[in-house]
Amino acid sequence: MSCPRILIITSCTGKKHHNPTNQLTIEDFKDTQRLRERTESLSEFSCPSGQMYTGLQHLRLMEGVDILRSHFGKEAVDVKIISAGYGLIPEDKAIVPYSVTFNSMKNDEVYSWGDYLRIHEDFQQEIVGYDLIFVLLGDKYLRTLKLPVKTHSHQTFIFFASNKSINYIDSGNAKLLTLTLSNKSASRFSCALVGLKGHLLKLIATEASRVPHLLESIYNNPETLEELLNKQPNPLELPLGISFSTESKLHLQNKSHRKSKYTEEELCSILKLPVAVNQHLKMQYFIPEWDDKVDAGYDFLQDKFSPNRKACKDDIYAHEEKIYEKPNYDGILVSKIVVDKRKSKRNDIEAAGGIQKYLKFSGEIMGDCGAFGYIKQPEPPYNTIEILDYYQRLGFHYGVSIDHLIVGPFAQPGIREERYDLTLRNAEEFISKHQKFGYTFTPIGVAQGWSPETYAEAVKKLVEMEYDYIAIGGVARTPTIEILEILKEVYQHLTPKTRLHLFGVGRIDALPYFRHLGVTSFDSASPLRKAWFDAVENYHTLSGKAYAAVRIPFVDKQSQRIKHLLSSGYERETLKQLEQEALKAIREYDKGNISLDESLKKLLAYDELLELPRDGIVNPTAKARRLRQHTQLYRELLEVKPWQECECKICQNPDCRVETIIFRGNDRNRRRGFHNTYVFYKRFQEFLNAENCNIDSTKEST
Ligand SMILES: [Zn+2]
């Protein structure tokens, strides 16, 4: 490696280049139309974000960046800024002055506003392809990242953070060095604490421009940086930082998601709490229904559907016999909002004789309204009697009361209380009418909230209303650690017969803790949907390790990438030849007819053309980054051949086993999702079995 590709993540500062009195406020950022108008009125103050901020940290940092660029070239380093108004933005994005900062927000506001700006997701996406990533964030800005994100063992992260922030730092699989900074360190470097992070970055840049291969050594061995700073004339106070080796991180990662915040000791302390009183109830996994179907007779070699196939009538679900003999879930969750999406669907369900027959599923089916679908409306678009009738008429086993989500911008004081009360009022009406009119499905009451205490209060009330099945909503994107905090409060109100469901949370590593705190069911589509939504980890395995499927898109299906290639002069025939050669390469490699290198070469010949154009142009650096990243990912996949190890019926089927490892169209991608669901369910079953063994052995020993 000549010079590692560097990314610097920093934050917006209150001090700005322009300070008009009518700067944008948080309300402006909540409304696209209003934002457009207000931005226009401030257009004379518009400038790139890299020049907008004039706080000390930012100025010193940009001086450091200039030094690096003049030495290693402009491409060597990119800067991304977390703006409390705009989210994660590149330094060249034109912005107008605004007056919003995470520093003045309460913690729950920091998380909800950070979620609304999609900072976690954008950060995840932006770090791909960089080798050395410096993160210069204060406590509140750091929290918005909601670490960990997916990282690679070939990446190195350097965090500059205060002592109280270190609990939010987690670099996943990547190497990590955390430099903890205090007032003392600031005085040693004779600069103000506010500017210290930028000052240190500039210092590193200056050293890197003097000492050959310094960045490379920091990348390979981040502790080098610690030594370097200690050698400075005014060294930092000891102990300077905390460094974790990749190995110990991996060890921790296997046990639970967010080790960085909960220490192992704290996690153990959860298991030392008295076990939930409902522990004897079995635990179940539900999968949300979203028309996830495939053509059972798809011809992969010719890429043709079954003759005369009609998708809505002939395509089948993963639990139908031609795919898997046994379903890989205990139940299915059907949201009304999904049913209502297609006009004829409700009629089809009624015509089939109910939801169970429509889904051809013999297990239990839970119905809810699908609160995400109406999150922006002031009130849910349904009334209780209508929903009770709907559950009964379609034959659901469980029906969920009508709730309203308290997340993102809807968790602001004022709105949250309204939604909280509305959800509880609906639950009360739901169960009283359920009893009065003699409905036969099991009612489920939903608890929404914005803190452990508010959730606990809601659960307490639902128990008093005589619900035996309660669901916690609004936590699908909440960090595990915060869910545990909620459960610790909630579980004290459970009775031995209360079942407890977590909506949208399928986290295998956290199951022991969820279980201990009384969770008896959960739903998640994440293993399924990661098959096509996760760019890197989309083929899962029982060990927990995930691989990247090889991308061989259809030339004839005119995606944005293919259109771009055709318009920039590539012949359709040339592309088709590359496409077919790539398909042949992976199939022949699977059969053992060609070598890994030969196969990889053919796969990359097509793949490297596929960088997504932005505004009609492919960035050559991004293209090179893609090639480098995919070479590594595909090589790993080909070396291990995980699809040959899997015992699921899809991977065992000689007609489609290697096809699921190809990222190409619904019939391959969704089957890969089915396989991921199989893996997830198998791991879930292993957890339950291990738990039973533990219970048995405790019984024996007493
Ligand atoms: Zn499989």
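Residues are numbered from 1 along each chain as its sequence is written, and side-chain values use heavy atoms, with hydrogens and water left out. In this predicted model, local features need pLDDT of at least 70 and side-chain atom pairs count only at pLDDT 80 or more, whereas totals for chains, interfaces and linings use all residues.

Helix H19 spans residues 415–436. Helices (H or I, at least four residues) and strands (E, at least two) are DSSP runs, numbered from the N terminus. Arg416 lies in H19. Its relative accessible area is 14%, so Arg416 is buried (buried is under 20% relative accessible area, exposed over 50%, partly exposed in between; 1.4 Å probe, protein chains only). The side chains of Arg416 and Glu417 form a polar contact of 3.3 Å. Such a contact is a pair of N or O atoms within 3.5 Å; within protein, one must be able to donate a hydrogen and the other to accept it, and residues adjacent in sequence count only if both atoms are side-chain atoms. Residues up to four places away in sequence aside, Arg416 touches Asp108, Ile406, Phe410, Ala411 and Trp450 (contact means heavy atoms within 4.5 Å).

Leu422 also lies in H19. Its relative accessibility is 8%, so Leu422 counts as buried. Beyond neighbours within four places in sequence, Leu422 is in contact with Glu379, Pro380 and His404. His404 lies in the loop between strand S15 (398–400) and H19. Because its relative accessibility is 0%, His404 counts as buried. The His404 side chain reaches the backbone oxygen of Gln377 at 2.8 Å. A second polar contact, of 3.5 Å, links the side chains of His404 and Arg419. Residues touched by His404, those up to four places away in sequence not counted, include Tyr374, Pro378, Leu422 and Gln448.

Two packed helices are described by the angle between their axes and the distance between the axes. Axes are lines fitted to C-alpha atoms, for helices over the stretch in contact, and angles run from 0 to 180 degrees between N-to-C directions. H19 packs with helix H20 (residues 452–464) at about 15°, with the axes 11 Å apart. H19 and H20 are therefore roughly parallel (under 35 degrees; over 145 is roughly antiparallel, 65 to 115 roughly perpendicular and the rest oblique). Tyr420, Leu424 and Ala427 of H19 meet Thr454, Glu457, Ala458, Lys461 and Leu462 of H20. This contact has five nonpolar, one polar and two charged residues. Ala, Val, Leu, Ile, Met, Phe, Trp, Tyr, Cys and Pro count as nonpolar, Asp, Glu, Lys and Arg as charged, and the others, Gly among them, as polar.

Helices H25 (residues 572–591) and H26 (residues 596–607) pack at about 150°, with axes 8 Å apart. H25 is therefore roughly antiparallel to H26. The contact involves residues including Leu575, Ala582 and Tyr589 of H25 and Leu596, Lys602 and Tyr606 of H26. By class, 10 are nonpolar, one is polar and three are charged.

H26 also packs with helix H27 (residues 620–640), at about 145° and with axes 10 Å apart. Among the contact residues are Leu600 and Leu603 in H26 and Leu627 and Tyr634 in H27. The contact of H26 with H27 divides into seven nonpolar, three polar and five charged residues.
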